[in-house]
Every structure is written in structure tokens, then in C-alpha cells.
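Hi,

Here is the structure I promised to pass on. My notes follow below it.

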Amino acid sequence: MNDREIMFGLHETPGIGWETIHAVCRVVFPLSKLLDLSEQQIQELPLPEDKKSLIYQGSRASFIEQRLDIYERGGYSFLTRGDVNYPEWLNQVPKPPWVIYYCGNIDRLTQPMLGVVGTRVPTTYGKRIARQFSAELSQLGWCIVSGLARGIDSEAHIGALTGPGSTIAVLGTPIDRIYPRDNTALYHQIRDNGLILSEYAIGTEMRKGMFPLRNRIIAGLSMGVFVVEADIGSGSLITAEQAVNYDREVFALPGPISSPKSR
């Protein structure tokens, strides 16, 4: 077992989150040393008391091999922050994912990327522009990053798939769970011609906050974010705000001043 597999095992362990992995990385280096530590020795380390047993469980070779097999059988792979091909732009944001699960063409992460986001209930104008802009940008080699949601996200992915730049879908669910279900065909088209990403381990139960949390990945991967249509309080504006905080460009589609979708 190497460091990236140990990190994978910790990330796969229910009850272990970003902060716990951060604490382990500060105390144990390289992570592969965990394999040589007994549960009692881990109990003696300066780590969160309520996480020590979980850290022991998540760093056992038998557990890691079992979890790796699940991903291998599903055709899924993963990147960790220590990998040379972990996205440099994403590594610059606060609390970048320790592990990213993926399926599809990982080389998409080497292309210039632009986030395209917007409301799940767009106007006809918004849908048309999202698809048109994404198609034209993809023809120029840009990879369009969005969230596989209904509405603007779907139109952006569909448009981007027509060009060589293609598209990346960042899920707010585990990599094997397609949401919404009516985007199943689109999910598989992106898997075959683009890239699917998620930071959530297979088997993670859905909870409030998972979708807004994934928006930081869309913003973090992208050189800029294009908001097509979004009402006040839209999740798309979370992505735009994060892009501003990450010193990325933010673009907005002009629309009627009377339209709630253009607020």
C-alpha cells in the first residue's frame, strides 16, 4: 500500500472528513507509516480522540483492497492531492478535495476550462445561448465544466459535446449515482466523450449541502465562470461568488431587466 491508497482508504471511511485527513497528514508522514501502527499506537498520536479508531480502520490493507475492488469493477478511478495530474487550479482553492473520483478521459483536466452554470428552469433564450456558447467554445478547444443538473447545466454539456473541447460534469452525488435520473443518457455520453468527477465516495448518503459544496470544484477547476441565467438565491450565484473569491473571471449573459432569471 502506498500513500495515495492510504489517503483513499481514509477518504472512504464514513466519519472521516477533510479536517481529519488534514490532521493525519500533519502527524504521520509518509501516510504509508499508518500500516505499521497498531490501533494502540494510533491511539497515542495527537489526533482527534473520536477519530482514532476510524483512522485505524480506514488505513488497513484489507479495507482499502475491498474498496478499491468496488471502484475497479465499476470502471472508476481516482486522483489524490499528491498525484502529479491533480488539477493545479483546483489545488489553489481553500480545502481542495483530498480525493477526486472520476470516469472518462482524465486528459480533459489538462485543457483550458470554463464553468457554465445557471438555473434549472431556464427560458428558451437561456437554453439556446447556453448550448450555443458551449458549442462554440468547445470548437475553440475549451472544456466546459458544469454540474449535470437540469436546465442550463444540461444545455452546456450537450453543446460542448459537439466540439473537441468536450465537457466535464462535476457531480453533487457519488460517481455511480446519476442525478437527475432523466440525465442518464447524458451522463453516459459525457463518460464516453468527456469526464465525470465527484468528491463523494460510493455509498455516501445524500444530505443537504452536497450540491452547493461541489460548486467550489466547478469554480476551482475553471479559469472563469459564465452565469447564463440565475435568480436571486440561485446555487449558480454560489459558484459565481466562489469564482470571485478564487480570483477567477465571472461573466453574465445579458437578459431582460424585468426577467427574474436575469437578476
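The protein has ten helices and eight strands. Helices (H or I, at least four residues) and strands (E, at least two) are DSSP runs, numbered from the N terminus. The radius of gyration is 19 Å, close to the 18 Å from the globule rule for 263 residues, so the protein is as compact as a globular protein of that length. That radius is taken over C-alpha atoms, and the rule is 2.2 Å times the number of residues to the power 0.38.

Before you go further: this is a predicted model, in which local features need pLDDT of at least 70, side-chain atom pairs count only at pLDDT 80 or more, and totals for chains, interfaces and linings use all residues. Residues are numbered from 1 along each chain as its sequence is written, and side-chain values use heavy atoms, with hydrogens and water left out.

Overall figures next. The C-alpha trace spans about 65 × 35 × 30 Å along its principal axes. Buried residues make up 51% of the 263. Buried means under 20% relative accessible area, exposed over 50%, and partly exposed in between (1.4 Å probe, protein chains only). Take the contacts between residues at least 6 apart in sequence: 73% of them join residues at least 24 apart. Contact means heavy atoms within 4.5 Å.

Now the largest pocket. It holds about 500 Å³ of space. Its lining has 22 residues, and H11, I16, Y200, T204 and R207 are the closest to its centre. On a 1 Å grid over the protein atoms alone, a pocket is an open set of points where a 1.4 Å probe fits, with protein on both sides within 12 Å along at least five of seven lines; lining residues have an atom within 4 Å of a point. Grid points are joined across faces, edges and corners, and the volume is the space filled by probe spheres set on the points. α1 (3-12), α5 (61-74) and α9 (210-221) each supply at least two lining residues.

Two loop residues to look at. T13 sits between α1 and α2 (18-27). At 6% relative accessibility, T13 counts as buried. Leaving out residues up to four places away in sequence, T13 touches L54, G58 and F63.

R81 is in the loop between β1 (77-80) and β2 (99-104). It is partly exposed, at 25% relative accessibility. The C-alpha atoms of R81 and E155 are 31 Å apart.

Best wishes
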